[in-house]
Amino acid sequence: MSGVCGILERFGRNAGPKQVKRMTTVLERRGPDRTGHWSGERVCLGHTLLATTPEAIEERLPFQHRASGCVITADVRLDNRDDLIGALGLVAGIAIVGDGELILLAYLKWGKNCLDHLVGDFAFAIWDPAKEQIFCARDHFGMRPLVYLEDHRDSFAFASEPASILALDGVNRSLNESKIGDYLLDLEAYDPSSTFFCGIRRLPPAHFLVADGSTIKVQSYWRLQPRPILALSSDQAYAEAFYDALERSVRCRLRSPDPVGAMLSGGMDSGSVVAVASDILRRSDHAPLKTFSAINSAATDCMETQSIFASLTMKGLDPYLVDCAHLEPNLDDLKETLLRIEEPWDGEMTLPRAVYIAARKAGAKTVLDGAAGDVVLNHGRHIARLFREGRWRQAWRDAIGEQRFWGPAFPAWKTFIGSARKAFLPEFLLNTEQQLRWYFTSGARKELSSLNPEFVRRNRLDERLRNSRLPSRRDWKSPSAELADMIVHPNLTVGRERYDRVASSLGIEPRDPLLDLRLVELCVSLPGDQRERDGWPKYVMRNAMIDHLPSSVVWRRGKEHLGGKFTEALWAEMDDLDKCGVENAGAYPYAHFHSSTAATNHGNRKLDFFALWLMRIKQTKESSNGKTETEVFDA
């Protein structure tokens with residue numbers, strides 16, 4: 001997970017190398033291995049390297065193509081290198097060609113259509129002197145971030161993080177109140193292209209951007225499309241197809257000059273990734289796979305902890321455990337990273353933060369996870385669809401199965417009747433009922449009551465909240481189309497961006513094999529009963545992993561999340577000075593802040609994290625000459 005940045009000066013002004021050096025200084029946390037700069041008359045590009053592929057060690061970015069003069073800076077791992085090398089007519093093996101250079105060569109051959117040929121995780125920018133424009137793009141699922149300065153009178157700028165752009169002179173540092181409202185109202189995915197700072201925007205996944213001296217154009221280059229339902233002869237055939245796709249995906253993400261680690265929870269997603277990765281490494285006589293797991297030793301009946309220990313009986317693992325009951329080994333690092341969170345959403349990411357800290361101490365620069373599993377194998381409205389197909393008996397069996405899987409809180413009769421209503425009631429009745437239930441029970445008034453009324457009015461937060469609660473369309477698309485819509489929904493993007501921010505703050509690159517483009521396309525083509533059968537979610541994955549994971553993991557029922565326990569355990573260890581921000585932040589006209597105890601009683605630390613974040617961004621910064629400047633941000 002490297003860092004990229006750059007400036008394009010407008011009106012013929014010369015770009016300042018000192019400015020881009022200030023940008024890379026901020027990004028060196030993301031890329032501590034090497035920093036590079038390139039300067040032209042109007043353009044400066046920067047790069048900070050986290051060397052996580054063999055080619056990256058040799059490649060020097062920014063890279064300039066001599067014949068065309070085009071220059072690229074890139075945060076990239078390509079998973080179809082061999083195919084791309086062949087399509088570009090290069091001779092494999094004669095010289096090391098980095099992933100950034102491959103993207104540039106693809107751009108020179110196909111222009112913006114080069115994006116149709118790229119598979120992997122990437123965020124890059126190319127300066128094209130012939131067209132006098134910068135061409136930026138982000139990968140299909142948003143694994144690599146990219147933000148840009150939307151409207152500035154003198155220049156266009158881009159970077160991996162907003163803080164890098166904020167290091168430039170003359171940038172508006174005012175806070176974006178609408179985004180603050182999104183945070184306080186739990187609307188993280190409402191506007192995924194905005195940031196917490198006015199004028200700085202996120203480039204959405206699967207989009208490219210073209211900036212010249214006067215305009216910025218953003219355009220989508222891809223959207224996941226429904227696919228014909230895959231018709232295979234048996235459940236075993238589906239399981240084998242899924243395993244083959246997962247193995248290819250994991251193998252691509254093991255490409256690294258250093259040993260790769262992996263998160264290991266007690267569930268199917270990370271467990272499947274670890275099982276496949278350890279098999280690949282053992283067959284090639286590599287060192288054991290380092291795994292990093294979060295447990296709760298204080299609860300003898302913790303299902304998650306028991307399942308993790310069952311998973312650790314697999315061969316070829318070198319396990320590391322972090323325990324919410326004993327945070328002492330990582331406590332100082334957890335406190336430090338909490339106090340410098342990049343966005344307030346990240347306050348509750350204590351569990352993955354603890355895991356990444358353990359990974360860093362163990363020497364892992366790259367960590368696999370399976371965070372996208374709940375999305376790419378989501379069964380959607382499977383039982384309601386069975387009703388519409390006239391398969392009532394199977395609908396009842398699946399409803400009973402869901403009760404067996406999730407427990408008595410999900411009674412079969414309720415699932416059965418609710419699915420029947422979804423299947424047959426007119427859409428307008430369901431939508432009206434959902435809106436009325438939300439308004440009168442969960443309560444828009446309750447959600448807005450803690451906010452400053454003038455803040456609500458000024459940013460039209462009531463309208464924002466109401467729009468976010470509008471029911472999704474129930475037009476009974478095919479199972480493939482329904483899943484495709486779920487996968488490209490911003491919920492997945494904002495989740496992956498959280499992982500990126502937490503991991504990059506510790507110099508670690510996260511990789512998710514379940515977001516391999518080719519594996520995702522396979523999942524979109526699966527029949528509905530391969531994603532849920534008799535109440536078992538991810539049925540095809542369970543079948544595929546029968547001979548690779550312990551049976552107690554494959555057929556484990558329910559879920560248990562330890563994230564809240566980790567966050568509360570850390571908060572209990574914070575000094576009073578560190579967690580005093582709720583009262584101090586009351587000076588900001590956003591909300592009627594309550595005490596930390598009140599926040600806990602509401603089941604979250606939202607106000608605490610917001611206060612800590614506000615205090616952080618109000619701190620002073622060190623300028624490039626070492627002198628303390630005035631406040632970075634205007635409140």
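The legends below describe a predicted model, in which local features need pLDDT of at least 70 and side-chain atom pairs count only at pLDDT 80 or more, while totals for chains, interfaces and linings use all residues. Residues are numbered from 1 along each chain as its sequence is written, and side-chain values use heavy atoms, with hydrogens and water left out.

Figure 1. Helices (H or I, at least four residues) and strands (E, at least two) are DSSP runs, numbered from the N terminus. Of the 635 residues, 58% count as buried, where buried means under 20% relative accessible area, exposed over 50% and partly exposed in between, with a 1.4 Å probe and protein chains only. Among contacts (heavy atoms within 4.5 Å) between residues at least 6 apart in sequence, 71% join residues at least 24 apart.

**Figure 2. An open sheet of six strands in the order S4-S5-S6-S7-S11-S12, with antiparallel pairing.** The edge strands are S4 (63–64) and S12, each of which pairs on one side only. Two strands are taken as paired if DSSP finds at least two bridges between them.

**Figure 3. Strand S11 (residues 207–211), with five of its five residues buried.** His-207, Leu-209 and Ala-211 lie on one side and Phe-208 and Val-210 on the other, and both faces are covered. S11 pairs with S7 (residues 133–138) in the antiparallel sense over four bridges, and Ala-211 is the bridge partner of Ile-134. With S12 (residues 216–220), S11 pairs over five bridges, again antiparallel; Phe-208 has Gln-219 of S12 as its bridge partner, and the two strands form a hairpin with four residues between them.

**Figure 4. Helix H4 (residues 99–110) and the elements that cover its buried residues.** The end C-alpha atoms of H4 are 16 Å apart, which agrees with the 16 Å that its 12 residues should span at 1.5 Å a residue, the expected span being 1.5 Å times one less than the number of residues. The buried residues include Leu-102, Ile-103, Leu-104, Leu-105 and Tyr-107, and what covers the buried residues of H4 includes S4, S5 (71–78), H3 (81–87), S6 and S7.

**Figure 5. Helix H20 (residues 490–504) at the lining of the largest cavity.** Because 11 of its 15 residues are buried, H20 is largely enclosed by the rest of the structure; its buried residues pack against S7, S10 (200–202), H11 (350–361), H12 (373–376), H19 (479–487) and S17 (509–511). The largest cavity has a volume of about 100 Å³, and H20 gives the most to its lining, with three residues. On a 1 Å grid over the protein atoms alone, a cavity is a set of points where a 1.4 Å probe fits but cannot get out, and lining residues have an atom within 4 Å of a point; points are joined across faces, edges and corners, and a volume is the space filled by probe spheres set on them. The lining includes Glu-497, Asp-500 and Arg-501, and its residues divide into four nonpolar, one polar and seven charged, with Ala, Val, Leu, Ile, Met, Phe, Trp, Tyr, Cys and Pro counted as nonpolar, Asp, Glu, Lys and Arg as charged, and the others, Gly among them, as polar.

Notes: 1 Å grid on protein atoms, 1.4 Å probe; cavity = no way out; pocket = protein on both sides within 12 Å on 5 of 7 lines; lining within 4 Å.
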